Amino acid sequence: MEHFGFPVEVIIVFFGVIALSVYFDLVSHRNVREISIGNASKWCAFWIIIALLFYVYLWVRFDRHWADMYLAGYLLEKSLSVDNLVVFIAIFSSFGISSHLQHRILYWGIMGALAFRAVFVVIGTGLFYAAPWVGFLFAAFVAWSGVQMLRDKSSGMEIEDYTHHWSVNWIGRMMPVYTRLHGERFFVKDSEIPSAQSAGAITRKGLWYATPAFLCLVAVEASDLAFAFDSVPAVISVTEEPLLVYAAMIFAILGLRTLYFVIAALTEYLVHLKKAVVALLFFIAVKMTVQSWNHAVGDTGIHISPQVSVLIVIGTLAAGVFASLLLPRRR
């Protein structure tokens, strides 16, 4: 059976396009303090065009068969990753992180995704025997995030002091944490913290301290890894060639993270969209629980396909949009 393999030309083209595109994106947003719907929409279109151009490249340079395998993997990964987008909204809402810092965190998250997805693809499906139990844990986290968004009336507002934030309570015992944002830094030196603040703003003494921005990055990366246990085996089952699997996943992830800003920006203007996001969080939690139960315990007979999941996500968000237009909140 013929295999696509690892052509050096494709590897150079793929990583070259990714590196230039990410760099261009980061540079263009270097001085942007607030990412608008228009700006986010343009970048969504940009990443979709780049992914389709890579499809054309594979078709012209090699064969339509390989190009179609890549495209099938890309569309499947895109569908499966929509759930992740909703969880990003919940995580950033919990941390009260501004849109400019969100952009920085998401693109450092992409660097992590590039590395971890490569490991997952190389190992193949063997790593995913642990997936059912990971699914149960993450389903509980997603449901808890939905409850927190329901209870917290100030969700999305900037936080000045993270001393009692859940992330500090969880991670503060493992590493020194500075409980306030320090610009856009993920880590800060002990000497850079004003002595007047250090007493009540650190979990314990250290030479370096993680900031809440880093804790948020850890949460985002953990969500991406959790969803990878579901999406990577699915894409491998459609597109067995490792290089095409990897390319499909990375292009889908890059495009999805810009789509995040479209949804996040809309929540600022559409007052009932947040309720739709909360509803989707509970749907995702149920979906992950059922999928994990099917694999770890026994088949329930309930199987939610990627296509149905995407329709539910789009339909719920659309309901939130229409409710906001028909029933705007009174001043």
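The following exercises, each with a worked solution, concern the predicted model shown above.

Residues are numbered from 1 along each chain as its sequence is written. In this predicted model, local features need pLDDT of at least 70, side-chain atom pairs count only at pLDDT 80 or more, and totals for chains, interfaces and linings use all residues, while side-chain values use heavy atoms, without hydrogens and water.

**Exercise 1. Determine in which helix of the protein confidence is lowest and in which it is highest.**

Solution. Confidence is expressed as pLDDT, the predictor's value for each residue, from 0 to 100. The protein has a mean pLDDT of 78, and 84% of its residues reach 70 or more. The lowest mean, 62, belongs to helix H7 (residues 195-201), and the highest, 88, to helix H2 (residues 37-61). Where pLDDT is low, the predicted coordinates should not be read in detail.

**Exercise 2. State how many helices and strands the protein has.**

Solution. Helices (H or I, at least four residues) and strands (E, at least two) are DSSP runs, numbered from the N terminus. The protein has 11 helices and 2 strands. Their order from the N terminus is α-α-α-α-α-α-β-α-β-α-α-α-α.

**Exercise 3. Classify the packing of H2 and H3 from the angle of their axes.**

Solution. Axes are lines fitted to C-alpha atoms, for helices over the stretch in contact, and angles run from 0 to 180 degrees between N-to-C directions. The axes of H2 and H3 cross at roughly 155° and come within 7 Å. H2 and H3 are therefore roughly antiparallel (angles under 35 degrees count as roughly parallel, over 145 as roughly antiparallel, 65 to 115 as roughly perpendicular and the rest as oblique). Contact (heavy atoms within 4.5 Å) involves residues including Phe 54 and Trp 59 of H2 and Arg 64 and Tyr 74 of H3.

**Exercise 4. Classify the packing of H3 and H10 in the same way.**

Solution. Helix H3 (residues 64-95) and helix H10 (residues 273-296) pack at about 125°, with axes 10 Å apart. H3 is therefore oblique to H10. Among the residues in contact are Asp 83 and Val 87 of H3 and Leu 280 and Lys 287 of H10.
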